[in-house]
Amino acid sequence: MASVVVRDVRKSFGQSEVIHGVSIDIEDGEFVVLVGPSGCGKSTLLRMISGLESITSGELWIGERMVNMAPPKERDIAMVFQNYALYPHMTVFENMAFSMRLRKAPQEETDRRVTEAAAILGLTPLLARFPRQLSGGQRQRVAMGRAIVRDPQVFLFDEPLSNLDAKLRVQMRTEIKALHQRVGGTTIYVTHDQIEAMTMADKIVVMQGGHVEQIGAPLELYDNPRNVFVAGFIGSPAMNFLTGVAKRNGAGMTVVTDHGETVAAPETPGLEDGRPVVMGVRPEHLTLTGDAHGFAAQVVVTEPTGAEVQVSARHGQDEITAVFRERVALKPGETIRLSPDLAHAHLFDAATGLSLRA
(Lines give C-alpha, C1' and ligand atoms only; values in the text may rest on other atoms or scores of the structure.)
Protein backbone atom coordinates (compact mmCIF):
# COMPACT_ATOMS: atom_id res chain seq x y z
CA MET A 1 0.00 0.00 0.00
CA ALA A 2 1.06 3.62 -0.33
CA SER A 3 0.36 7.19 0.66
CA VAL A 4 -1.10 9.67 -1.83
CA VAL A 5 -0.05 13.33 -1.93
CA VAL A 6 -1.97 15.88 -3.99
CA ARG A 7 0.00 19.14 -4.07
CA ASP A 8 -1.50 22.36 -5.49
CA VAL A 9 -3.20 20.43 -8.30
CA ARG A 10 -5.14 22.37 -10.92
CA LYS A 11 -7.25 21.29 -13.87
CA SER A 12 -8.39 23.44 -16.77
CA PHE A 13 -10.56 22.67 -19.76
CA GLY A 14 -9.48 25.31 -22.24
CA GLN A 15 -9.70 28.67 -20.46
CA SER A 16 -11.98 27.31 -17.72
CA GLU A 17 -10.25 26.17 -14.52
CA VAL A 18 -12.35 23.61 -12.64
CA ILE A 19 -9.90 22.45 -9.94
CA HIS A 20 -8.23 25.36 -8.13
CA GLY A 21 -5.00 24.44 -6.37
CA VAL A 22 -6.16 21.43 -4.34
CA SER A 23 -3.75 19.96 -1.76
CA ILE A 24 -4.50 16.76 0.18
CA ASP A 25 -2.25 14.39 2.16
CA ILE A 26 -3.56 10.81 2.35
CA GLU A 27 -1.68 8.46 4.64
CA ASP A 28 -0.88 4.84 3.89
CA GLY A 29 -3.95 2.72 4.73
CA GLU A 30 -6.27 5.70 5.26
CA PHE A 31 -9.90 5.77 4.09
CA VAL A 32 -10.52 9.25 2.66
CA VAL A 33 -13.86 10.43 1.29
CA LEU A 34 -14.18 13.31 -1.20
CA VAL A 35 -17.64 14.77 -0.70
CA GLY A 36 -19.53 17.74 -2.09
CA PRO A 37 -22.47 18.72 -4.29
CA SER A 38 -22.68 17.81 -7.97
CA GLY A 39 -20.15 19.77 -10.02
CA CYS A 40 -17.78 20.46 -7.11
CA GLY A 41 -14.87 18.66 -8.84
CA LYS A 42 -14.60 15.53 -6.69
CA SER A 43 -14.95 13.02 -9.55
CA THR A 44 -12.59 15.06 -11.75
CA LEU A 45 -10.01 14.98 -8.96
CA LEU A 46 -10.42 11.20 -8.61
CA ARG A 47 -9.98 10.75 -12.35
CA MET A 48 -6.79 12.81 -12.18
CA ILE A 49 -5.47 10.54 -9.42
CA SER A 50 -6.35 7.49 -11.52
CA GLY A 51 -4.72 8.92 -14.66
CA LEU A 52 -7.97 9.09 -16.65
CA GLU A 53 -7.67 12.90 -16.68
CA SER A 54 -4.45 14.84 -17.17
CA ILE A 55 -3.16 17.33 -14.59
CA THR A 56 -2.82 20.91 -15.78
CA SER A 57 -0.38 21.85 -13.01
CA GLY A 58 0.73 20.70 -9.58
CA GLU A 59 2.11 17.40 -8.34
CA LEU A 60 0.56 14.00 -7.68
CA TRP A 61 2.54 11.43 -5.70
CA ILE A 62 1.65 7.78 -5.09
CA GLY A 63 4.12 6.38 -2.61
CA GLU A 64 7.60 7.62 -3.46
CA ARG A 65 6.84 8.31 -7.12
CA MET A 66 5.43 11.39 -8.82
CA VAL A 67 2.91 10.04 -11.33
CA ASN A 68 1.77 13.18 -13.19
CA MET A 69 2.68 11.70 -16.56
CA ALA A 70 2.30 8.01 -15.75
CA PRO A 71 -0.51 6.17 -17.60
CA PRO A 72 -3.21 4.50 -15.44
CA LYS A 73 -1.76 1.00 -15.82
CA GLU A 74 1.54 2.15 -14.29
CA ARG A 75 0.00 3.81 -11.21
CA ASP A 76 -0.85 0.52 -9.44
CA ILE A 77 -4.40 1.60 -8.62
CA ALA A 78 -7.74 -0.21 -8.87
CA MET A 79 -10.97 1.68 -9.54
CA VAL A 80 -14.57 0.72 -8.77
CA PHE A 81 -17.11 2.72 -10.76
CA GLN A 82 -20.75 3.67 -10.28
CA ASN A 83 -21.71 1.14 -12.97
CA TYR A 84 -20.25 -2.27 -12.32
CA ALA A 85 -18.61 -2.64 -15.77
CA LEU A 86 -18.61 -6.44 -15.59
CA TYR A 87 -18.07 -8.56 -18.68
CA PRO A 88 -21.50 -10.18 -19.27
CA HIS A 89 -20.10 -13.24 -21.07
CA MET A 90 -17.71 -14.09 -18.22
CA THR A 91 -18.47 -15.84 -14.96
CA VAL A 92 -17.84 -14.16 -11.61
CA PHE A 93 -14.55 -16.06 -11.34
CA GLU A 94 -13.47 -14.99 -14.83
CA ASN A 95 -14.41 -11.36 -14.19
CA MET A 96 -12.37 -11.30 -11.00
CA ALA A 97 -9.42 -13.10 -12.61
CA PHE A 98 -9.34 -10.96 -15.76
CA SER A 99 -6.64 -8.49 -14.66
CA MET A 100 -4.39 -11.32 -13.48
CA ARG A 101 -4.71 -13.06 -16.82
CA LEU A 102 -3.85 -9.86 -18.65
CA ARG A 103 -0.63 -9.79 -16.64
CA LYS A 104 -0.07 -13.45 -17.51
CA ALA A 105 0.13 -14.34 -13.82
CA PRO A 106 0.56 -18.03 -12.98
CA GLN A 107 -2.76 -19.90 -12.79
CA GLU A 108 -2.04 -21.02 -9.24
CA GLU A 109 -1.57 -17.43 -8.05
CA THR A 110 -4.69 -16.29 -9.93
CA ASP A 111 -6.80 -19.06 -8.38
CA ARG A 112 -5.47 -18.23 -4.89
CA ARG A 113 -6.17 -14.50 -5.15
CA VAL A 114 -9.66 -14.94 -6.58
CA THR A 115 -10.53 -17.54 -3.94
CA GLU A 116 -9.29 -15.27 -1.14
CA ALA A 117 -11.17 -12.22 -2.46
CA ALA A 118 -14.35 -14.25 -2.96
CA ALA A 119 -14.16 -15.49 0.63
CA ILE A 120 -13.73 -11.95 1.96
CA LEU A 121 -16.76 -10.71 0.00
CA GLY A 122 -19.03 -13.72 0.46
CA LEU A 123 -18.92 -14.56 -3.25
CA THR A 124 -17.63 -18.14 -3.04
CA PRO A 125 -21.02 -19.76 -3.88
CA LEU A 126 -21.45 -17.40 -6.85
CA LEU A 127 -18.15 -17.90 -8.68
CA ALA A 128 -19.72 -19.96 -11.50
CA ARG A 129 -22.58 -17.54 -12.13
CA PHE A 130 -22.80 -14.87 -14.83
CA PRO A 131 -23.50 -11.16 -14.03
CA ARG A 132 -27.10 -11.46 -15.30
CA GLN A 133 -27.75 -14.00 -12.54
CA LEU A 134 -26.67 -11.60 -9.76
CA SER A 135 -28.41 -8.85 -7.79
CA GLY A 136 -27.13 -5.28 -7.86
CA GLY A 137 -25.33 -5.68 -4.55
CA GLN A 138 -23.69 -8.92 -5.69
CA ARG A 139 -22.50 -7.29 -8.92
CA GLN A 140 -20.97 -4.43 -6.95
CA ARG A 141 -19.18 -6.95 -4.72
CA VAL A 142 -17.79 -8.64 -7.85
CA ALA A 143 -16.47 -5.26 -9.03
CA MET A 144 -14.86 -4.77 -5.60
CA GLY A 145 -13.44 -8.31 -5.75
CA ARG A 146 -11.87 -7.60 -9.13
CA ALA A 147 -10.11 -4.61 -7.52
CA ILE A 148 -8.93 -6.65 -4.50
CA VAL A 149 -7.47 -9.38 -6.72
CA ARG A 150 -5.16 -6.82 -8.31
CA ASP A 151 -3.66 -6.06 -4.85
CA PRO A 152 -3.11 -2.39 -5.78
CA GLN A 153 -1.38 0.36 -3.82
CA VAL A 154 -4.58 2.49 -3.86
CA PHE A 155 -8.29 1.70 -4.19
CA LEU A 156 -10.46 4.34 -5.90
CA PHE A 157 -14.27 4.31 -5.58
CA ASP A 158 -16.37 6.64 -7.77
CA GLU A 159 -19.89 6.80 -6.25
CA PRO A 160 -20.16 2.99 -6.24
CA LEU A 161 -23.50 2.83 -4.39
CA SER A 162 -25.51 5.36 -6.42
CA ASN A 163 -27.32 2.71 -8.47
CA LEU A 164 -28.47 0.67 -5.46
CA ASP A 165 -31.72 1.01 -3.52
CA ALA A 166 -31.69 2.64 -0.07
CA LYS A 167 -31.59 -0.57 2.01
CA LEU A 168 -28.85 -2.11 -0.12
CA ARG A 169 -26.80 1.11 0.05
CA VAL A 170 -26.75 0.87 3.84
CA GLN A 171 -25.69 -2.78 3.66
CA MET A 172 -22.96 -2.14 1.09
CA ARG A 173 -21.72 0.86 3.07
CA THR A 174 -21.10 -1.44 6.00
CA GLU A 175 -19.47 -4.06 3.77
CA ILE A 176 -17.06 -1.56 2.19
CA LYS A 177 -16.01 -0.24 5.61
CA ALA A 178 -15.52 -3.79 6.92
CA LEU A 179 -13.56 -4.64 3.76
CA HIS A 180 -11.23 -1.71 4.34
CA GLN A 181 -10.66 -2.79 7.93
CA ARG A 182 -9.73 -6.30 6.75
CA VAL A 183 -7.66 -5.45 3.68
CA GLY A 184 -6.24 -2.17 5.02
CA GLY A 185 -5.64 -0.56 1.64
CA THR A 186 -5.33 3.16 1.02
CA THR A 187 -8.80 4.12 -0.20
CA ILE A 188 -10.16 7.27 -1.87
CA TYR A 189 -13.94 7.29 -2.12
CA VAL A 190 -16.09 9.85 -3.95
CA THR A 191 -19.72 10.50 -3.02
CA HIS A 192 -22.28 13.31 -2.88
CA ASP A 193 -23.96 11.58 0.09
CA GLN A 194 -22.63 13.09 3.32
CA ILE A 195 -24.11 10.19 5.36
CA GLU A 196 -21.81 7.82 3.43
CA ALA A 197 -18.93 10.18 4.13
CA MET A 198 -19.67 10.46 7.86
CA THR A 199 -20.10 6.73 8.45
CA MET A 200 -17.21 5.41 6.34
CA ALA A 201 -14.32 7.88 6.37
CA ASP A 202 -11.23 8.19 8.49
CA LYS A 203 -10.91 11.64 6.92
CA ILE A 204 -13.35 13.73 4.89
CA VAL A 205 -12.44 16.28 2.21
CA VAL A 206 -15.36 18.70 1.65
CA MET A 207 -15.25 20.32 -1.78
CA GLN A 208 -17.18 23.13 -3.44
CA GLY A 209 -16.58 24.79 -6.80
CA GLY A 210 -13.20 23.07 -7.31
CA HIS A 211 -11.89 24.23 -3.92
CA VAL A 212 -11.32 22.30 -0.70
CA GLU A 213 -13.47 23.87 2.02
CA GLN A 214 -12.27 21.73 4.95
CA ILE A 215 -10.40 18.51 5.69
CA GLY A 216 -10.83 16.56 8.90
CA ALA A 217 -12.25 13.57 10.76
CA PRO A 218 -16.04 13.17 10.43
CA LEU A 219 -16.94 14.34 13.94
CA GLU A 220 -14.38 17.16 13.74
CA LEU A 221 -16.21 18.56 10.71
CA TYR A 222 -19.59 17.99 12.33
CA ASP A 223 -18.65 19.68 15.61
CA ASN A 224 -16.32 22.38 14.29
CA PRO A 225 -17.21 23.42 10.73
CA ARG A 226 -14.93 26.19 9.49
CA ASN A 227 -17.62 27.95 7.46
CA VAL A 228 -21.33 28.09 6.68
CA PHE A 229 -21.02 25.80 3.66
CA VAL A 230 -19.45 22.93 5.62
CA ALA A 231 -21.87 23.47 8.51
CA GLY A 232 -24.85 23.24 6.17
CA PHE A 233 -23.54 20.35 4.07
CA ILE A 234 -22.38 18.01 6.82
CA GLY A 235 -25.25 16.68 8.89
CA SER A 236 -28.73 15.36 8.14
CA PRO A 237 -31.05 17.10 8.74
CA ALA A 238 -28.91 20.12 7.93
CA MET A 239 -27.86 22.80 10.42
CA ASN A 240 -30.33 25.66 10.98
CA PHE A 241 -29.20 29.24 10.32
CA LEU A 242 -30.52 32.46 11.82
CA THR A 243 -29.24 35.71 10.31
CA GLY A 244 -28.99 38.82 12.44
CA VAL A 245 -26.72 41.18 14.37
CA ALA A 246 -24.55 40.39 17.40
CA LYS A 247 -25.36 42.31 20.57
CA ARG A 248 -23.76 42.42 24.02
CA ASN A 249 -25.70 43.21 27.17
CA GLY A 250 -25.54 42.42 30.87
CA ALA A 251 -26.73 38.88 30.26
CA GLY A 252 -23.97 38.14 27.72
CA MET A 253 -23.93 37.62 23.97
CA THR A 254 -27.17 37.67 21.98
CA VAL A 255 -28.22 37.79 18.34
CA VAL A 256 -31.05 40.03 17.23
CA THR A 257 -32.45 38.15 14.25
CA ASP A 258 -33.62 39.79 11.05
CA HIS A 259 -37.15 39.09 12.29
CA GLY A 260 -36.73 41.06 15.51
CA GLU A 261 -36.22 38.25 18.03
CA THR A 262 -33.41 38.39 20.59
CA VAL A 263 -31.79 34.96 20.94
CA ALA A 264 -29.08 33.97 23.43
CA ALA A 265 -25.84 33.22 21.56
CA PRO A 266 -22.54 31.49 22.43
CA GLU A 267 -19.93 33.76 24.01
CA THR A 268 -17.41 34.71 21.34
CA PRO A 269 -14.31 36.65 22.49
CA GLY A 270 -13.47 39.67 20.35
CA LEU A 271 -16.83 39.78 18.60
CA GLU A 272 -17.79 43.45 18.32
CA ASP A 273 -21.27 44.73 19.05
CA GLY A 274 -23.41 45.23 15.96
CA ARG A 275 -21.53 42.83 13.67
CA PRO A 276 -23.75 41.00 11.15
CA VAL A 277 -23.60 37.28 11.91
CA VAL A 278 -25.18 33.95 11.09
CA MET A 279 -26.05 31.76 14.05
CA GLY A 280 -26.01 28.01 13.38
CA VAL A 281 -27.78 25.39 15.49
CA ARG A 282 -28.17 21.71 14.66
CA PRO A 283 -31.72 20.27 14.84
CA GLU A 284 -30.91 18.03 17.82
CA HIS A 285 -29.62 21.03 19.79
CA LEU A 286 -32.98 22.84 19.84
CA THR A 287 -35.44 22.34 22.71
CA LEU A 288 -39.02 23.43 23.23
CA THR A 289 -39.26 26.22 25.76
CA GLY A 290 -41.94 28.40 27.23
CA ASP A 291 -39.74 31.30 28.33
CA ALA A 292 -38.50 34.36 26.47
CA HIS A 293 -34.96 33.06 25.89
CA GLY A 294 -35.87 31.16 22.76
CA PHE A 295 -37.30 32.33 19.46
CA ALA A 296 -40.73 31.90 17.95
CA ALA A 297 -41.33 29.53 15.04
CA GLN A 298 -44.49 28.42 13.27
CA VAL A 299 -44.91 24.68 12.79
CA VAL A 300 -45.19 23.58 9.14
CA VAL A 301 -45.19 19.80 9.49
CA THR A 302 -44.24 17.09 12.00
CA GLU A 303 -42.64 13.80 10.94
CA PRO A 304 -42.55 11.03 13.56
CA THR A 305 -39.88 8.44 12.71
CA GLY A 306 -40.34 6.20 15.74
CA ALA A 307 -37.24 6.95 17.78
CA GLU A 308 -37.68 10.70 17.36
CA VAL A 309 -39.95 13.41 15.96
CA GLN A 310 -38.70 15.80 13.29
CA VAL A 311 -40.46 19.17 13.22
CA SER A 312 -40.20 21.59 10.29
CA ALA A 313 -41.06 25.19 11.14
CA ARG A 314 -40.50 28.77 9.99
CA HIS A 315 -38.97 31.71 11.80
CA GLY A 316 -39.94 34.55 9.46
CA GLN A 317 -38.44 33.46 6.13
CA ASP A 318 -35.89 31.12 7.76
CA GLU A 319 -36.65 27.40 7.58
CA ILE A 320 -36.03 25.64 10.89
CA THR A 321 -35.80 21.91 11.61
CA ALA A 322 -35.87 20.54 15.16
CA VAL A 323 -35.45 16.91 16.22
CA PHE A 324 -36.92 15.78 19.54
CA ARG A 325 -36.31 12.43 21.21
CA GLU A 326 -39.51 12.76 23.23
CA ARG A 327 -42.98 12.39 21.70
CA VAL A 328 -44.45 15.82 20.97
CA ALA A 329 -47.93 16.61 19.62
CA LEU A 330 -47.71 19.75 17.49
CA LYS A 331 -50.14 20.95 14.86
CA PRO A 332 -49.37 22.80 11.60
CA GLY A 333 -49.71 26.55 12.11
CA GLU A 334 -49.02 26.30 15.85
CA THR A 335 -46.47 28.78 17.23
CA ILE A 336 -43.73 27.28 19.40
CA ARG A 337 -40.62 28.67 21.03
CA LEU A 338 -37.27 27.00 20.49
CA SER A 339 -34.17 27.45 22.61
CA PRO A 340 -30.66 26.63 21.32
CA ASP A 341 -28.10 24.69 23.34
CA LEU A 342 -25.35 27.32 23.47
CA ALA A 343 -22.64 24.74 24.14
CA HIS A 344 -23.25 23.43 20.61
CA ALA A 345 -24.25 26.62 18.78
CA HIS A 346 -22.06 28.36 16.19
CA LEU A 347 -21.55 31.93 15.04
CA PHE A 348 -20.34 32.74 11.53
CA ASP A 349 -19.40 36.05 9.96
CA ALA A 350 -22.24 37.11 7.66
CA ALA A 351 -19.90 38.55 5.03
CA THR A 352 -17.28 35.78 4.73
CA GLY A 353 -19.23 32.80 6.09
CA LEU A 354 -16.22 31.87 8.26
CA SER A 355 -16.63 30.54 11.80
CA LEU A 356 -16.08 33.07 14.58
CA ARG A 357 -15.07 30.45 17.12
CA ALA A 358 -11.69 31.03 18.71
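How many of the seven residues of strand β17 are buried? Five of the seven residues of β17 (residues 309-315) are buried, so this strand is largely enclosed by the rest of the structure; buried here means under 20% relative accessible area, exposed means over 50%, and partly exposed lies in between (1.4 Å probe, protein chains only).

The legends below describe a predicted model in which local features need pLDDT of at least 70 and side-chain atom pairs count only at pLDDT 80 or more, while totals for chains, interfaces and linings use all residues. Residues are numbered from 1 along each chain as its sequence is written, and side-chain values use heavy atoms, with hydrogens and water left out.

**Figure 1. Overall view of the protein.** The protein has eight helices and 20 strands, where helices (H or I, at least four residues) and strands (E, at least two) are DSSP runs numbered from the N terminus. The C-alpha trace spans about 80 × 45 × 35 Å along its principal axes, and 48% of the 358 residues count as buried. Among contacts between residues at least 6 apart in sequence, 65% join residues at least 24 apart, a contact being heavy atoms within 4.5 Å.

**Figure 2. Strand β17 and its two antiparallel neighbours.** On one side of the pairing scheme, strand β16 (residues 295-304) runs antiparallel to β17 and is joined to it by six bridges; two strands pair if DSSP finds at least two bridges between them. Pro304 has Val309 of β17 as its bridge partner, and the hairpin formed by β16 and β17 has four residues between the strands, with Gly306 in the turn showing a positive phi of about 110°. Strand β18 (residues 318-324) also pairs with β17 in the antiparallel sense, over seven bridges. Here His315 has Asp318 of β18 as its bridge partner, and the hairpin of β17 and β18 has two residues between the strands, with a positive phi of about 65° at Gly316 in the turn.

Figure 3. Glu308 forms a salt bridge with Arg325, their closest N and O atoms being 3.7 Å apart; a salt bridge is a side-chain nitrogen of Lys or Arg within 4 Å of a carboxyl oxygen of Asp or Glu. The pair links distant parts of the chain, 17 residues apart, with Glu308 in the loop between β16 and β17 and Arg325 in the loop between β18 and β19 (335-340). Glu308 counts as partly exposed at 27% relative accessibility, whereas Arg325 is exposed, with a relative accessible area of 61%.

**Figure 4. Salt bridges around Glu53.** The structure holds 15 salt bridges, among them the one between Lys11 and Glu53, whose closest N and O atoms are 3.6 Å apart. These two residues lie 42 residues apart in the chain, Lys11 in strand β1 (residues 4-13) and Glu53 in the loop between α1 (42-50) and β4 (57-62). Glu53 also forms a salt bridge with Arg47, at 3.8 Å between the closest N and O atoms. Lys11 is buried, with a relative accessible area of 5%, while Arg47 counts as partly exposed at 31%. Elsewhere, Asp8, Arg10 and Glu17 are linked in a network of salt bridges.

**Figure 5. The interface of domain 1 and domain 2.** The domain assignment, which is automatic or comes from a database, gives domain 1 (4-226) and domain 2 (237-349). The contact takes four residues from domain 1 and five residues from domain 2. The two domains bury about 370 Å² between them, 51% of it on carbon and sulfur atoms; buried area is the accessible area (1.4 Å probe) that two parts lose on being put together, summed over both. Tyr222, Asp223 and Pro225 supply 91% of the area that domain 1 buries against domain 2, more than any other three residues. Across this interface the rule finds zero salt bridges.

**Figure 6. A cis peptide bond and two residues with positive phi.** Ser236 and Pro237 are joined by a cis peptide bond with omega of about 0°, and Pro237 is placed in the loop between α8 (228-233) and β11 (240-249). Asp76, although not a glycine, has a positive phi of about 55°; Asp76 is found in the loop between β5 (65-66) and β6 (77-80). Asp151 is also a residue other than glycine with a positive phi, near 50°, and its place is in the loop between α4 (136-149) and β7 (154-158).
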